[in-house]
Amino acid sequence: MSGAIRLLIADDHPIVRDGFRGVFASEPGFEVLGEAANGAEAVAMAKALRPDVVLMDLRMPVMGGVEAIRALAEAEVPARVLVLTTYDTEGDVRPAIEAGATGYLLKDTGREDLVRAVRAAARGEAVLAPAVATRLMSQVRTPQEALSEREVEILKLVADGATNREAAKRLFLSEATVKTHLLHLYAKLGVNDRAAAVAAGFRRGILDVEGR
């Protein structure tokens, strides 16, 4: 591509946006078109400004990064999206890539690596943080550990909105046992909370919309 790479920065923390702007303002071949404080602003600005690359945080108010990436794809905005976040769990990485992100980096990425990554993303090349690439390769090489029958029962109850106490009562277990099963299924699904576990359950076909 010819000319400067046109950037849009989307992050809910002003100091982070300032930092990214400072990096690219001092690098030849880049132009920062604007900054967005949430995903909704990022989508609106990307539609209007037509950047080449959007630096997208994941967890933002109003609209998160994954939702914004999907919205950009649906609106056929041609910008490449490079995720820049502090989160590298499967529950964060996979949805972002499936939504259409060109790359996924962590915020501790060095300045030179970040600049190279943005140039690569602008060319349409996939860019992954080493930790993320290792995690994805591990998932490909190692069969995902199946949930036990009890873990599936608990996941279904969680998907139905049951609290730990309610799940324990319905399954005739102690709350401590339910919490232990939850921690085990979180580890197997590569997530950190109930919402992400339910999302992973649907994504992997453990849960279904009809019967959960």
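The legends below describe an overview and several close-up views of one predicted protein model.

Residues are numbered from 1 along each chain as its sequence is written, and side-chain values use heavy atoms, with hydrogens and water left out. Because the model is predicted, local features need pLDDT of at least 70 and side-chain atom pairs count only at pLDDT 80 or more, while totals for chains, interfaces and linings use all residues.

**Figure 1. Overview of the protein, with ten helices and six strands.** Helices (H or I, at least four residues) and strands (E, at least two) are DSSP runs, numbered from the N terminus. The C-alpha trace spans about 65 × 35 × 30 Å along its principal axes. The protein has 212 residues, of which 42% count as buried. Buried means under 20% relative accessible area, exposed means over 50%, and partly exposed lies in between (1.4 Å probe, protein chains only). Among contacts with a separation of 6 or more, 64% are between residues 24 or more positions apart. Contact means heavy atoms within 4.5 Å.

**Figure 2. Close-up of the salt bridge between Asp11 and Lys107.** A salt bridge is a side-chain nitrogen of Lys or Arg within 4 Å of a carboxyl oxygen of Asp or Glu. Here the closest N and O atoms are 2.7 Å apart. This pair links distant parts of the chain, 96 residues apart: Asp11 is in the loop between β1 (5-10) and α1 (14-25), and Lys107 is in the loop between β5 (103-106) and α5 (111-122). Asp11 is buried, at a relative accessible area of 0%, whereas Lys107 is partly exposed, at 27%. Side chains of opposite charge can pair when their charged atoms come close.

**Figure 3. Close-up of Asp57 and its surroundings.** Asp57 sits in the loop between β3 and α3. Which residue forms a salt bridge with Asp57? The partner is Lys107, and the closest N and O atoms are 3.5 Å apart. The two lie 50 residues apart, with Lys107 in the loop between β5 and α5 and Asp57 in the loop between β3 (53-56) and α3 (65-74). With a relative accessible area of 5%, Asp57 is buried. Neighbours within four places in sequence set aside, the contacts of Asp57 are Ala10, Asp11, Asp12, Gly65, Leu84, Thr85 and Lys107.

**Figure 4. Close-up of the salt bridge between Arg123 and Glu125.** The closest N and O atoms of this pair are 2.9 Å apart. Arg123 is exposed, with a relative accessible area of 52%, and Glu125 is partly exposed, at 38%. Elsewhere, salt bridges that share partners join Asp11, Asp57 and Lys107 into one network. A search of the whole structure finds eleven salt bridges.

**Figure 5. Close-up of the largest nonpolar core, around Leu55.** A nonpolar core is a set of buried Ala, Val, Leu, Ile, Met, Phe, Trp, Tyr and Cys residues joined through side-chain atoms within 4.5 Å. This core has 47 residues, and those with the most contacts inside it are Phe24, Leu55, Met56 and Val118. Its largest share, six residues, comes from α5. Besides any neighbours within four places in sequence, Leu55 is in contact with Leu8, Ile9, Ala10, Phe20, Phe24, Leu82, Leu84 and Val118. Apart from this core lies another, of 20 residues, including Ile154, Leu155, Val158 and Ala167. In soluble globular proteins, nonpolar side chains tend to be buried together.

Figure 6. Most residues other than glycine have a negative phi. Phe172 is in the loop between α8 (164-171) and α9 (175-189). Is Phe172 buried or exposed? Phe172 is exposed, with a relative accessible area of 75%.
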